Amino acid sequence: MKSLMIVNANNPKILLDAVLYGADGVLFDLADSVADTEKDAARLLLVEALRFLDYSAVEVVVRPNCPCQKDFELDLLTVAPGKPCDFIVPMAKPEYVVRAAEILDKAEAENNLPAGEIRLIPSIDSAAGVESVAAVIAASPRVRAVMFDAKKFLADLGAEAGGAEQLVYARSKIAVACHVAGVESIDTPYVGKADGLAADAGAAKALGFTGKVAADGKQVKTINAVFA
Amino acid sequence: MKNVLGREFPDYIEGYGQVRPFTGAFNNYGERATVGTKRRSVKPAHQTPPAEEKLCRSIDEVFDRIGVRDGMTFGFHHHLRNGDYVVNLVMKAAAERGLKDLHVAATGIFGCHEPLVEYIKSGVITQISCSYISPGPVAKAITTGLLRKPAIFRSHGGRPRAIESGDMHIDVAFAASPTCDPYGNVNGTHGPSACGVLSYIFPDTEYADYVVAVTDNLVDYPAPPPIQITQDKVDFVLVVDKIGDPAGIASGTTRVTTDPIGLRIAESAAALLDEAGYIKDGMSLQTGAGGASLAVAAFVRERMLAKGVVGAFGAGGITSYFVQMLKEGLLRALFDVQCFDLDSVKSAGENPAHMLMSGSLYGNPHSRGAVVNNLDIMILGATEIDLDFNVNVVTGSDGVVMGASGGHNDCSAGSKIAIVVSNLLKGRLCMVRDRVTTVTSPGETIDVLVTDRGIAINPQRQDLLEKLQGSALPLTDIKSLKEFGENLTGKPDAIEFTDKIVAVVEYRDGTVIDVVRQPK
Amino acid sequence: MKLVREATAGASDAGDIIVTVLPGSEPGVTVELKGKSVVLKQFGTQMKAVIKKTAEDLGVESALIKAQDNAALDFTIRARTRCAIERAAG
């Protein structure tokens, strides 16, 4: 997966058009993009969309709310019948990955889905996550890739977001661990000026990342080109 | 009767007349006569008493000197677009005089012309003919059958043809004139209401019984170049406070869409043109000014630069994009019927290679050869398209008038390849239908449909299908696009219409291609 | 499913629909649909049927459902209706 485009799962028009941007994967976000009062509406909309629309051209990835919140389990149980390819595990640590896998065991059994078919993509959002990335990957055979969120990682460190040099250690650690474990590594979304995207994606690729999150549809073309 | 596209209407339509049915896009050519004109000669200045000078200070003076009466046809151009004051000013004065049964033959009607609705209701206006109409109050009045006679929609080439042949006689032409001298020399690119070329009014200035230049910028004789309407065509010069609102006339700069899906549609269209061999030295190009159509020009430009191609000309409504391509030497000339932004107004006034063309030169099929005949590539929009590639730009799928032919059927007929670009779904509506609500351009003149969900090529274009074999472009067929769309939207319920014909859609040659009936 | 309060779901964005569910005073599900006439004339009957079926599949026996459409497709109509009903029942 070269590009993973993030979209708001509570917007019907975006759900309809998500396959048209040329992204390899679409990350349907139930967490940061959706207001607290609309979490129920978003997961219902997403599962109906997954049933109704043809997403066979892309990898369908769903980002639920943090496992530390009650919405996490509801997100997984509600959306799993729509047969997404993967769920993100936010604020990833080994326990959260195990819990996510257990919820999916239950959801797959209840919905007559093949066991273990829905995969997990832990999101490394903290310093502890970076340090334990190998253990996170090893926590479940469902893990198929790891995603990196630089903004949350730097916030956890208490460092002000600046340039790519701040991320060298974390990126290297994640990319190397993923390579060793044989799973894909998906770099953080880029939020700076448009003309800096190619350089940022190139920096991640140089450290071994296999793909990158696209913050919007306009970034997809550049990311696909860098990771081609 | 039924025309060749299976569209049904009476042989004789009350308020329109005897119908000549559409028989095919390329069947109606040959020798054609033009109608005679009347004009009143003017003595030399030293022989002309002040009361007979061309310059008039009030619209009533103009009306008195012409002797306007009930039932007349007034011609107007729409180069002031949604900032036009002239149509309203003239029709208000006509209403105040108690005139009735007037025919407004404006080349375009916009939202700013809302006051006409009152005059339609009161019978001051009983007929409208136009080449363009924007969705709005007048379009609604037409749809709901308020006009006593059906509106007539003619293309930009069809209107001059109708005037030259005598099908439509203009009694008085009121030409909004951004700069004018007291003897009637008109310049369109200067003055507070500068709008660029005045192309659409030329048949009126040639064939109307009376021509009135209406200006808010009277200058000393002679008006500065380029003079577009010369004094020998103009009977009267009327000075008013303002002919238009600059904010509504031309947008600052026309911009290409930034919507990634619109850009992908445009990129596909440009790639298709390249693969099919249309991007080459001497090529010519026209696009609509809509965001997605215009984006095709931007991608074609990139491919021209990459290949080192120099094109012959760009045509039609001109935007800053075409002006840039002219300046860069990517195009040798522009043929302009309408300036869409300030850059094109400026260029039309300065650059001799940025040439004005009249509506007749642009698209009249019964001239000695219109510019559309020399056009390679045409990029178009569409409200609906059907399985036979017939296009509708006149009504929504509920039968409500929301546009008129513009240059659509002139350019699709003239160009070597006519490509419609559009999103497949517009809200809950799929633009590919079993049968379009109203035919504007016949399918035999439309070659390709490029959508966000795939590209369909008209099966009549076997040559294109062969050239594109093995292409990586998302080629499909139009039926599959319709089925894809209907799987999402559901099959639309049929709209019910009354028998009342509210508008007649003429093809560019004057035959009737379709009619618009009043929806129930 | 028993409805205990009035509840709304959805938004006024393009492609969305605002569905408001009110507990009914008599048996049956009544649907009132508003929106652009170009859409309602061609798809109104189908859209109302989707709302009604969604409610009935959830076991709603009595409700007045008011919907303000902005060209929603069926998946959105189902999701918003279900969400409004769950909120009205909760």
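**The two domains of chain B**

In this predicted model, the C-alpha centres of domain 1 and domain 2 of chain B lie 29 Å apart.

- Chain B is divided into domain 1, residues 53–249, and domain 2, residues 260–495, and the contact between them takes 31 residues from domain 1 of chain B and 32 residues from domain 2 of chain B.
- On the side of domain 1 of chain B that touches domain 2 of chain B, at least two residues each are supplied by β8 (132–133), α4 (137–143), α5 (158–165) and α6 (202–207) of chain B, and the largest share, five residues, comes from α5(B).
- By class, this side of domain 1 of chain B has 15 nonpolar, twelve polar and four charged residues.

**The largest nonpolar core**

- The largest nonpolar core has 273 residues, of which L46(A), A175(B), V212(B), A269(B) and I419(B) touch the most other members.
- Helix α2 (residues 39–52) of chain A gives the largest share of this core, eight residues.
- Because domain 1 (53–249) and domain 2 (260–495) of chain B both give residues to this core, it lies between them.
- Leaving aside neighbours within four places in sequence, L46(A) is in contact with A9(A), F28(A), L30(A), V62(A), V79(A) and G82(A).

**Helix α3 of chain A**

- In helix α3 (residues 71–79) of chain A, the buried residues are D71(A), F72(A), D75(A), L76(A), T78(A) and V79(A).
- The cover over these buried residues of α3(A) includes α2, β3 (59–63), β4 (86–89) and α4 (94–110) of chain A.

**A nine-stranded sheet in chain B**

- Nine strands of chain B form an open sheet with mixed pairing, in the order β18-β17-β16-β15-β19-β22-β26-β27-β28.
- At the edges of this sheet stand β18 (354–356) and β28 (475–476) of chain B, and each has a single partner strand, so one side of each is left without a neighbour in the sheet.
- Strand β15 (residues 284–287) and strand β19 (residues 377–380) of chain B run parallel and are joined by three bridges, and I377(B) in β19(B) is the bridge partner of L285(B).

**The contacts of chain C**

- Where chain C meets chain B, the contact takes twelve residues from chain C and twelve residues from chain B, and the side of chain C that touches chain B has seven nonpolar, four polar and one charged residues.
- Where chain C meets chain A, the contact takes 15 residues from chain C and twelve residues from chain A, and the largest share of the chain C side, eight residues, comes from helix α2 (residues 74–89) of chain C.
- The residues on the side of chain C that touches chain A divide into seven nonpolar, two polar and six charged.

**A buried alanine in chain B**

- A94(B) is found in helix α2 (residues 86–96) of chain B, and it counts as buried because it has 22 C-beta neighbours inside 10 Å, where 20 or more are needed.
- Not counting residues up to four places away in sequence, A94(B) touches L99(B), L102(B) and V124(B).
- A94(B) and Y119(B) are 25 residues apart in sequence, and their C-alpha atoms are 9.5 Å apart in space.

**Confidence of the prediction**

- The predictor gives the complex an ipTM of 0.97 and a pTM of 0.94.
- The mean pLDDT of chain C is 96, and 100% of the residues of chain C reach 70 or more.

How values were computed:
Residues numbered from 1 in each chain as written. Chains lettered and ligands numbered in written order. Predicted model: local features only at pLDDT ≥ 70, side-chain atom pairs only at ≥ 80, totals over all residues. Helix = DSSP H or I, 4+ residues; strand = E, 2+ residues; numbered from the N terminus. Buried ≥ 20, exposed ≤ 12 C-beta atoms within 10 Å, placed from the backbone. Contact = placed C-beta atoms within 7 Å. Nonpolar A, V, L, I, M, F, W, Y, C, P; charged D, E, K, R; others polar. Domains from an automatic or database assignment. pLDDT = per-residue confidence, 0-100. Core = buried A, V, L, I, M, F, W, Y, C linked by C-beta atoms within 7 Å. Pairing = 2+ DSSP bridges.
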